[in-house]
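User: Please take a close look at one part of this model, and tell me how its side chains are placed and what they pack against.

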Amino acid sequence: PSVDTCYEYVSPLGLMNLCIIGKDLGYSMELLDLPRESYEKGVEKILSKQYDLVGISCNFTNSAPSCIQYAKEIRKKYPQTIIISGGNHATLAPQDMLFNNYDYILYGEAEESFKEFLARLANKKQVKDLDGLCYLENGKVVKNKPFAQLEDLDSLPFNDFSNFDLEPYFKWAGMRYINIETVRGCLYNCAFCATVNMWGHKIRRKSPQRILEEFKVAKRLAADF
């Protein structure tokens with residue numbers, strides 16, 4: 001989403017994972033990364049076509065106003081579109097989204113729950129009993145039990161960035177660099193950090209071999225290191 005300040009503009013690895021997962025399952029997916037766009041330009045892009053499902057990442061609280069407004073505009077123009085959210089803010093404050101036109105929240109780590117969510121929708125199956133889901137029922141927020149966390153981070157999609165344009169990120173940063181995820185989870189409980197809420201306390205790491213392969217991709221695409 002658009003944000004009131006954008007100090008860091010890097011490729012959104014989590015959203016890219018979800019996009020790759022959806023494409024691998026045979027769905028038509030489109031990734032709109034809009035933090036540097038004005039709210040008006042963002043809405044224009046989102047409403048330019050009708051989607052069956054729109055997922056909006058509400059990661060930081062300063063993006064929540066745009067996320068809420070996006071959903072309002074989508075619901076007004078395309079009332080049948082399913083609107084979902086995830087990310088840190090949506091995980092910690094699902095009521096902010098659910099009381100503002102969102103149908104579901106996939107909270108916490110969501111690659112596997114998103115995969116199951118898509119499969120159930122495609123097969124016209126019930127989604128409300130899905131682990132890792134929040135939704136409204138009789139005006140109250142229902143939060144299902146967490147979806148089982150990935151034990152093997154190597155099972156995450158391998159992103160060679162061939163489906164994504166990295167040039168806008170390089171131009172913004174003034175250098176060619178790529179962010180890489182190597183670990184999830186944290187042993188600590190810092191009040192200022194949402195890491196544990198998203199990824200839990202258990203430390204899970206990608207294998208050295210997987211990290212090396214990701215570095216090879218980064219070296220090929222981003223020559224400034």
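Predicted model: local features only at pLDDT ≥ 70, side-chain atom pairs only at ≥ 80, totals over all residues.

Analyst: Residues are numbered from 1 along each chain as its sequence is written, and side-chain values use heavy atoms, with hydrogens and water left out.

Helices (H or I, at least four residues) and strands (E, at least two) are DSSP runs, numbered from the N terminus.

Buried here means under 20% relative accessible area, exposed over 50%, and partly exposed in between, with a 1.4 Å probe and protein chains only. By that rule the buried residues of H3 are Ala64, Ser66, Cys67, Tyr70, Ala71, Glu73, Ile74 and Arg75. These buried residues pack against helix H2 (39-46), strand S1 (53-57), strand S2 (82-86), helix H4 (88-92) and helix H5 (94-98), where contact means heavy atoms within 4.5 Å.

Tyrosine 70 also takes part in ring pairing. Rings of Phe, Tyr and Trp (its six-membered ring) pair if their centres lie within 6.5 Å, and planes under 30 degrees apart count as stacked, over 60 as edge-to-face and the rest as tilted. By this rule the count comes to four aromatic pairs. In one of them, the rings of tyrosine 39 and tyrosine 70 have their centres 5.6 Å apart and their planes at 15°, so the pair is stacked. Tyrosine 39 lies in helix H2 and tyrosine 70 in helix H3, so the pair ties together parts that are 31 residues apart in sequence. Tyrosine 39 counts as partly exposed at 22% relative accessibility, whereas tyrosine 70 is buried, with a relative accessible area of 2%.

A disulfide is a pair of cysteine sulfur atoms within 2.5 Å, and the structure holds zero of them. The sulfur of cysteine 19 has its closest cysteine sulfur in cysteine 67, but at 18 Å that is too far for a bond. Cysteine 19 itself counts as buried, at 5% relative accessibility.
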